[in-house]
Amino acid sequence: MSRHPLQSIVSLAKRRGFIYPGSDLYGGFANTYSFGPYGAQLKKNIKDLWWRHFVEERTDIVGLDGPILLHPRVWQASGHVDGFSDALVDCKQCKSRFRADHLLEAAGKFNADTLPLQEMDQAILDLAVECPHCKKREWTLCRHFNLMFTTQMSKVSNTEGSLAYLRPETAQAIFIDFKNILDTMRVKLPFGIAQIGKAFRNEITPGNFIFRVIEFEQMEIEYFIDGAQWEKNFEVWLESMHTWCRWIGLRPSCVHEKEHPKEQLSHYSKRTVDLVYDFPFGTSELYGLAYRSDYDLRQHEIYSHQALTYTDPETKAKYLPHVIEPTFGVERTLLALLCDAFDEESLADGSTRSVLRFLPRIAPVKAAVFPLMKKEPLTARAQEIFSTLRSHFVCEYDASGAIGKRYRRQDELGTPYCITIDFDTLQDGTVTVRDRDTMEQIRLADHKILSWLQTHLSR
Ligand code: GAP
């Protein structure tokens, strides 16, 4: 379990411009957040690293950027219109709304999400479930609530209505462009299509900060294979997902696998393993790996009346590919990184230092440059060094306040190195480089800083 309470991470995230409550000016808007300057940079680093790792550095995966609004029939074909719902129940006394399976699981009933509605109603009575808010036991009947957000469009065609859905997963945009990719790219099975983009879910459950939000980003790959090979590909992908976790710096001892029992599988999945992470509020889903069989392509063949078969270039055999889907949430990655990197350290002088120990490749700011004092010619020399460095990586310049405070601020941003220009710099051309984790300082010739940082930041 994480060593620090979620509240410490939430307050650092707000104080230091990583994450603000959504619509803060208007008193907030449930389950929405804004990513401030450092949060936005951290998110960008996650997405850039993911794209590099899974698309640019591989020859078997191509990228796609599909639309958020897809033809409404896509969601009928995919099964989301009929099957993508939670069972909800309201407290008659305080009008709070809950997911019935969450209430039942808290009361000790396992696999509650597999129960039909009537059995949920009965179990709520049998277990004398109390409202977590007002402690009363007066419940409405459970009913299904679809998680897709709807919106209105001007008519799609004369025969279609005006209802459209905001996509609840990025995956469907990939499936419906499978044929375009086959027709335009020189792809050969097995191959994958990767996409990063927004998804929306009308979640009613409060979210443990950014863990469960209504608007989030997914990084998904649909990896198309010959169905006979699914087990081998599944294992390879599971290992690739662990490699990714290590690559971004999540400690392996906090990442575990959780197999979904058969009765809890999503409507499209034949096997799902989640990578779960030890968050401060409990061990919960970080990523998912699903074997979707040929479910989606088959459904889209039926609903679109178009063939989506693949022709093997050697044997000329025609078949529908099967799919292995590794899926990664951007916000959950960011939250896991914050929880993993956050540390509070007692110092010899009795004070406490908060620090984010990000790997350099993930850190939003790579280096900060300080003149010891806001005085010429210290500031001019510091500005020169800053302009050289900032053309290579994200850097900050800070000349205000005591040097100790400036270090502490950068520690809380997770900046690996701080460079201070002092009076010795003017005499002998050396600067101080301070390491975030050890707080040790070394002196380096100023013309060597760039190459020194390039070596040390490539960790
Ligand atoms: N295409 C498969 C799919 O969407 P999922 O398990 O429902 O599967 C995939 O979602 C990933 O998206 C999750 O592992 C998680 O990282 C992220 N995710 C799902 N719902 C989320 C929410 N409400 N808020 C933040 N991230 C979410």
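Guide: Buried means under 20% relative accessible area. Keep that cut-off in hand for this predicted model.

Visitor: Why is arginine 434 called buried?

Guide: Its relative accessibility is 4%. The cut-off is under 20%. Arginine 434 therefore counts as buried.

Visitor: What makes arginine 434 and aspartate 411 a salt bridge?

Guide: Their side chains meet at 2.8 Å, N to O. A salt bridge needs a side-chain nitrogen of Lys or Arg within 4 Å of a carboxyl oxygen of Asp or Glu, so the pair qualifies. Aspartate 411 sits in helix H13 and arginine 434 in strand E22, 23 residues apart.

Visitor: How do you know that aspartate 411 is buried?

Guide: Its relative accessibility is 0%. Under 20% is buried, so aspartate 411 counts as buried.

Visitor: Why is aspartate 437 called partly exposed?

Guide: Its value is 30%. Buried is under 20% and exposed is over 50%. Aspartate 437 falls in between, so it counts as partly exposed. Its salt-bridge partner is arginine 436, with the closest N and O atoms 2.8 Å apart. Arginine 436 is buried, at 4%.

Visitor: Which residues make up the network joined by salt bridges that share partners?

Guide: Asp343, Glu345, Arg353, Arg357, Asp411, Arg434, Arg436 and Asp437. The structure holds 37 salt bridges.

Visitor: What makes glutamate 325 and arginine 292 a link between separate parts of the sequence?

Guide: Their side chains meet in a salt bridge of 2.7 Å, N to O. Glutamate 325 lies in strand E16 and arginine 292 in strand E13, so the pair ties together parts 33 residues apart in sequence. Glutamate 325 is buried at 2% relative accessibility. Arginine 292 is buried at 0%.

Visitor: How do you know that the buried residues of H1 are on the same side?

Guide: The buried residues in H1 are Leu6, Ser8, Ile9, Leu12 and Ala13. They cover an arc of only 160 degrees around the axis, which puts them on the same side of H1. They pack against strands E1, E17 and E18 and helices H11 and H13.

Visitor: Is histidine 4 buried or exposed?

Guide: Histidine 4 has a relative accessible area of 10%. The limit for buried is under 20%, so histidine 4 is buried. It lies in the segment before helix H1. Not counting residues up to four places away in sequence, histidine 4 touches Ile9, Pro280, Phe342, Asp343 and Glu344.

Notes: Residues numbered from 1 in each chain as written. Predicted model: local features only at pLDDT ≥ 70, side-chain atom pairs only at ≥ 80, totals over all residues. Heavy atoms only, no water. Helix = DSSP H or I, 4+ residues; strand = E, 2+ residues; numbered from the N terminus. Buried < 20%, exposed > 50% of the residue type's maximum accessible area, 1.4 Å probe, protein only. Contact = heavy atoms within 4.5 Å. Arc of directions from axis to C-beta.
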